[in-house]
Amino acid sequence: SDTLTILGLESSCDDTAAAVVRHTLGSAPEILSSVVFGQTELHSAFGGVVPEIAARAHAEKLDICVERALQEAEMPLGKIDAIAVTAGPGLIGGVISGVMCAKGISAATGIPLIGVNHLAGHALTPRLTDQITYPYLMLLVSGGHCQYLIASGPQEFTRLGGTIDDAPGEAFDKTARLLGLSQPGGPSVEAEARNGDPKRYRFPRPLLDRPDCDLSFSGLKTALMRMRDHVVAEKGGLTRQDRADLCAGFQQAIVDTLAEKTRRALRIYMEQNPNQPTVAVAGGVAANTPIRTALMAVCAEQGAAFCAPPLALCTDNAAMIAYAGLERFRAGDQDGLDLTARPRWPL
Ligand code: KG4
Ligand code: ZN
């Protein structure tokens, strides 16, 4: 039919999420509900996501999450056309919990099942929020990922480059840990950096000497550790200002690196697609205001449109999974009950 209503499930990292998305041909997709249960408090004592704890929490929360998403959308299961679930990549325990839950519902009701790649979910989000058309250049920046992709179809992605070590979100999180700031590190480092001088500490700009679109962020934390230890050795500790300046210098290095690599990715993209280029961002790090501002400036300078989904849809959620499943289902694609979790599923 012209209208499809999809239930989406997401449990590949530390958020348990369910959502209902509806789309009628010729009009904008609608998010009827998007429920996210975070696990930040569960992991906060450990300084990172503990896979065992995450898996157990997902298994506990998935059912109620689905129930609430259906309730908020005022959609009984009988009106759902397909169930989309993240089948990877991610932490295996969580992905299995989600796939099992979706399979259970599908087996009990006969509703078709669609396994969705989590990265495709992020990469298609700008189509859900802004209906941008294929092809477009995508920058995916999260706690676990960092890559440039050309998206030319729901399952057609060309990778132009990406991080060779840490993802920027991971770098933000490690920096926060090294400076005693709260997790997740991105928002707390960004907040500290607002009062800091980005020029006081000089951080490296890794791989800028290389002409490709690859990035590297692990050297930043090593540099940070060295600078921190130097200040501590000199003065016996960090002042509030030292901390703010370290955060500002670190963040500026990421801003500059992402801006320059985006400029290169855009040039490569525009060689093949010179007309009305669009750059879209997604992933938790896209929530960072200085990063967004810098990317917007690069787009303006190169004559490209810039698209950044609302913050709640940049971070992990199930609406993006429902929507990615919807595009596949529209194309006549679905999976069987033999769908398996693929913790290392590449795009
Ligand atoms: O996409 P996401 O929710 O989860 C995955 O990694 O898939 O992204 C979470 C990451 C965390 O590392 C977090 O520190 C980072 O996004 N993040 C930020 C900001 N908000 C979240 N990084 C920089 N600035 C922010 N404002
Ligand atoms: Zn994600």
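**Ground rules.** I number residues from 1 along each chain as its sequence is written, and chains are lettered from A and ligands numbered from 1 in the order in which they are written. Since the model is predicted, local features need pLDDT of at least 70 and side-chain atom pairs count only at pLDDT 80 or more, while totals for chains, interfaces and linings use all residues.

Entry 1: I began with the strands, taking helices (H or I, at least four residues) and strands (E, at least two) as DSSP runs numbered from the N terminus. Two strands pair if DSSP finds at least two bridges between them. I found an open sheet of five strands in the order 3-2-1-4-5, with mixed pairing. Strand 3 and strand 5 (113-117) are at the edges with a single partner strand each, so one side of each has no neighbour in the sheet. From one strand to the next, the twist averages 20°; for angles, axes are lines fitted to C-alpha atoms (for helices over the stretch in contact), and values run from 0 to 180 degrees between N-to-C directions.

I then followed strand 2 (residues 15-24) into strand 3 (residues 30-38): they run antiparallel and are joined by eight bridges. Arg22 stands opposite Glu30, and Ala19 stands opposite Ser34. The two strands form a hairpin with five residues between them, and Gly26 in the turn has a positive phi of about 90°.

Entry 2: For contacts I used C-beta atoms, placed from the backbone, within 7 Å of each other. Helix 2 (residues 51-73) lies across strand 1 (3-10), strand 2 and strand 3, at about 30° to strand 2. Helix 11 (residues 319-330) lies across strands 1, 2, 3, 4 (82-88) and 5, running at about 135° to strand 1.

Entry 3: Strand 6 (residues 136-141) and strand 7 (residues 146-153) pair in the antiparallel sense over six bridges, and Leu137 has Ile150 in strand 7 as its bridge partner.

**Entry 4: annotated residues.** Which residues does the UniProt annotation "binding site" cover? The unreviewed entry lists His118, His122 and Asp316; such annotations may be inferred rather than shown by experiment, feature names are shortened, and positions follow the numbering used here. They spread over 199 residues of sequence yet cluster in space, with a largest C-alpha distance of 8.9 Å.

His118, in helix 4 (residues 118-130), is buried because it has 26 C-beta neighbours inside 10 Å. His122, also in helix 4, is buried with 31. Not counting residues up to four places away in sequence, His118 touches Ser12, Thr86, Gly88, Pro89 and Gly90, and His122 touches Leu140, Ala282, Gly283 and Met320.

**Entry 5: ligand 1.** I counted residues whose C-beta atom, placed from the backbone, lies within 6 Å of the molecule. Of the 20 around ligand 1, Gly143, Gly169, Gly186, Gly284 and Asn288 come nearest. Helix 5 (168-178) and helix 6 (185-193) are the elements that give two or more residues to the shell.

How values were computed: Buried ≥ 20, exposed ≤ 12 C-beta atoms within 10 Å, placed from the backbone. Contact = placed C-beta atoms within 7 Å.
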